[in-house]
Amino acid sequence: MDFMKPETVLDLNNIRQALVRMEDTIVFDLIERSQFYSSPSVYENNKFNIPNFNGNFLEWALLQMEIAHSQIRRYEAPDETPFFPQKILSPILPPINYPKILADYSDEINVNDEIMKFYVNEIVPQISCSLGDQLENLGSASTCDIECLQAISRRIHFGKFVAEAKYQNDKKLYIKLILKRDIKGIEESITNSQVEQKILERLIKKAENYGIDPTMKFGQNIKSKVEPKIIAKLYEKWIIPLTKKVEVDYILRRLECEEDIQLIEQASKE
């Protein structure tokens with residue numbers, strides 16, 4: 001997939017391959033996080049004295065990371081969505097003039113607040129090796145959290161490319177659904193239950209393979225670093241539904257940037 005070539009980005013086969021690769025990143029990041037305690041202190045507001053900052057340690061660390069990464073052009077890339085879009089800085093490196101792929105309002109579709117909430121409240125307690133704080137590893141735990149959050153965010157917001165590709169492939173259908181504000185119809189059009197089931201099955205296999213020391217022999221007491229079903233549940237309960245939310249929100253506004261007025265008028269009469 002080449003973001004300088006829109007036709008490669010809006011190819012659904014390329015999108016599917018990219019999403020499969022993102023699974024690997026997410027599984028590995030969760031396995032890395034699983035070696036640390038749940039570390040509730042890093043998620044507690046104002047637990048630590050951070051000058052000129054109101055929030056928790058993880059948010060502060062993530063903000064510092066985004067500020068640094070914004071200066072090396074990370075958030076100029078069409079597939080990156082910051083958690084703190086109002087606080088990132090302009091790049092130091094020369095700008096990259098990416099071709100227009102998504103609609104003008106795409107940056108306004110941002111579900112990172114929801115991602116942060118379910119990750120901290122639901123995922124961390126389930127994947128951590130133990131509950132409670134391990135004071136010497138609070139920084140390491142939050143660093144792993146940032147990797148997990150950024151990987152999950154990228155995967156979920158990739159739904160914008162899925163939505164744009166599907167819209168381009170069947171404008172007539174989607175214009176009708178948008179004009180009717182038919183959210184259920186849009187959801188049904190973007191849902192493929194068989195594909196979703198294959199994703200969950202593939203995730204379980206990946207978690208089983210990636211989370212076990214390959215040098216261990218059969219018959220030994222082998223246990224995965226992260227329970228595979230937890231990772232599948234993460235996708236089933238949060239990642240897949242939030243991706244759909246991104247897709248629906250994107251499609252519902254798509255006529256704001258549709259240049260084919262005749263097509264819209266024709267669909268409104270049918």
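Guide: The model is a predicted one.

Visitor: Is Phe158 buried or exposed?

Guide: A residue counts as buried when its relative accessible area is under 20%. Phe158 has a relative accessibility of 0%, so the residue falls on that side of the cut-off and is buried.

Visitor: How many aromatic pairs does a search of the whole structure find?

Guide: Rings of Phe, Tyr and Trp pair if their centres lie within 6.5 Å. With that cut-off, a search of the whole structure gives a total of 6.

Visitor: How are the rings of Phe3 and Phe161 arranged as a pair?

Guide: A pair of aromatic rings is described by the distance of the centres and the angle of the planes. For Phe3 and Phe161 the centres are 5.7 Å apart and the planes stand at 55 degrees, so the arrangement is tilted.

Visitor: How many residues apart in sequence are the parts that this pair ties together?

Guide: Both Phe3 and Phe161 are buried. Phe3 sits in the segment before helix H1 (6-9), while Phe161 belongs to helix H6 (residues 159-169), so the parts tied together are separated in sequence by 158 residues.

Visitor: Where does helix H4 bend?

Guide: Helix H4 covers residues 112-127. Its buried residues include Phe118, Tyr119 and Val120. The helix bends by about 40 degrees, and the place of the bend is Tyr119.

Visitor: Which helices are included in what covers the buried residues of H4?

Guide: Among the buried residues of H4 are Asn112, Ile115, Met116, Ile123, Val124 and Ile127. The cover over the buried residues of H4 includes helices H2 (12-33), H3 (57-70), H5 (138-157) and H10 (228-252).

Visitor: What is the phi of Ser39?

Guide: Ser39 is placed in the loop between H2 and H3. Its relative accessible area is 1%, so Ser39 is buried. Ser39 is a residue other than glycine with a positive phi, near 55 degrees.

Visitor: Where does Arg181 lie?

Guide: Arg181, a residue other than glycine, has a positive phi near 55 degrees. Arg181 lies in the loop between helix H7 (171-179) and helix H8 (183-190).

Key. Residues are numbered from 1 along each chain as its sequence is written. This is a predicted model: local features need pLDDT of at least 70, side-chain atom pairs count only at pLDDT 80 or more; totals for chains, interfaces and linings use all residues. Side-chain values use heavy atoms; hydrogens and water are left out. The bend at a residue is the angle between axes fitted to the seven residues ending there and the seven starting there. Helices (H or I, at least four residues) and strands (E, at least two) are DSSP runs, numbered from the N terminus. Buried means under 20% relative accessible area, exposed over 50%, partly exposed in between (1.4 Å probe, protein chains only). Contact means heavy atoms within 4.5 Å. Rings of Phe, Tyr and Trp (its six-membered ring) pair if their centres lie within 6.5 Å; planes under 30 degrees apart count as stacked, over 60 as edge-to-face and the rest as tilted.
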